[in-house]
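Hello,

Here is the structure I promised to pass on.

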Amino acid sequence: QLLGNQDHIKVELEKLKKAHDEQQQKLEERVLVLGKELQEAKGAVGDSRHRLAEQSAVLLTSQSQLQEVEAENSRLQLRLKQLNEEYRSRLAQCIRDVANHMDSKPSSVPGQDKAPLGQAAMKHFVDNMLRDIRASYKSREEQLARAARGYKKRMKDLAKKHENLLIAYGLQREQIRSLGSSAVDCGPAELHFSITDPELLTNSSRELNRLREEKAKLEMQLQELQKGLDVMSGHDPNELFCPRQPDEEGWAEVRKQLREFTHNTQEDLEQARSQLLTRAVVAEEQVSELQDYIDQHLAR
């Protein structure tokens, strides 16, 4: 039967070969199409990266120009304020001079001299007008002062939240270090994320930054000493906190005391800081009340 079916088998093989060749050709065409699409996609990605690099360069240039423009704008605003004050004072003096000149002129009506009661009418009108102008300027200045106080308060609140986050971050670092594994990266020291803006720093914040700097120095010295001891004892320098080392108990005690000292000092400073902030808020409210009383009841 096999020998008799050879012709049929050959026909089937020819059909299979033909179908295989067709599928192979289709696959090759599909591969060519996909290769072309891949090249186009790579070209598009390259163009996108090039455009992104150009946009990044333009962004950096724009940021630099924006900083320069902001500085120039601040300088011009200060100069404008000075010119406005000078202009207001000169204008007020000119109006007073005109009022005095008009009041000093004799009456133009024949047979009627300047009346004593109407002698300073122009001066009285000018004084009322200047008083209204000063009141409007004062109202605007108070509005700007309130906005500035609100902005400073928000910045202080953000600085306080930032300090709380730094304290929590420091506690997490100490917890990670207390696990005794050198393979886990504790992250940079708290000093790396401290606020350096002088306007936002208080006395307690400066003291905390000083303590953080001292803590970072002590941590560096501790790591160097630990590495030196490991080298001298023949251990691996990378295993800094292995609990099986002979002198690990002493270093653990030193780290424990350092953590306790840092934690207690931070708590004391935070309490003092909260008390000072409360006193500062009360003092600001009292100053605002006194300023309102002075503005309302006393001559400027």
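This is a predicted model: local features need pLDDT of at least 70, side-chain atom pairs count only at pLDDT 80 or more; totals for chains, interfaces and linings use all residues.

Glu-72 and Arg-75 sit three residues apart in helix α1, so about one helical turn separates them. The two form a salt bridge, and their closest N and O atoms are 2.3 Å apart. The structure holds one salt bridge.

Mean pLDDT over the chain is 76, and 82% of the residues score at least 70. Confidence is highest in α1, at 87, and lowest in helix α3 (residues 203-233), where the mean is 73. Over residues 236-246 pLDDT stays under 50, and the model has 24 contacts beyond four places in sequence for that stretch.

Now for the helix packing. Helix α1 covers residues 6-104 and helix α2 covers residues 121-178; they pack with their axes 8 Å apart, at an angle of about 165°. Since angles over 145 degrees count as roughly antiparallel, that makes α1 roughly antiparallel to α2. Their crossing is right-handed.

Which residues of α1 meet α2? On the α1 side they are Arg-88, Ala-92, Ile-95, Arg-96, Ala-99, Asn-100, Met-102 and Asp-103. Their partners in α2 include Val-126, Met-129, Leu-130, Arg-134 and Tyr-137. By type, the residues of this contact between α1 and α2 divide into ten nonpolar, six charged and one polar.

Best wishes

Technical notes:
Residues are numbered from 1 along each chain as its sequence is written. Side-chain values use heavy atoms; hydrogens and water are left out. Axes are lines fitted to C-alpha atoms, for helices over the stretch in contact, and angles run from 0 to 180 degrees between N-to-C directions. Helices (H or I, at least four residues) and strands (E, at least two) are DSSP runs, numbered from the N terminus. Angles under 35 degrees count as roughly parallel, over 145 as roughly antiparallel, 65 to 115 as roughly perpendicular and the rest as oblique. A crossing is left-handed if the near helix is turned anticlockwise from the far one by less than a right angle, and right-handed if clockwise. Contact means heavy atoms within 4.5 Å. Ala, Val, Leu, Ile, Met, Phe, Trp, Tyr, Cys and Pro count as nonpolar, Asp, Glu, Lys and Arg as charged, and the others, Gly among them, as polar. pLDDT is the predictor's confidence in each residue, from 0 to 100. A salt bridge is a side-chain nitrogen of Lys or Arg within 4 Å of a carboxyl oxygen of Asp or Glu.
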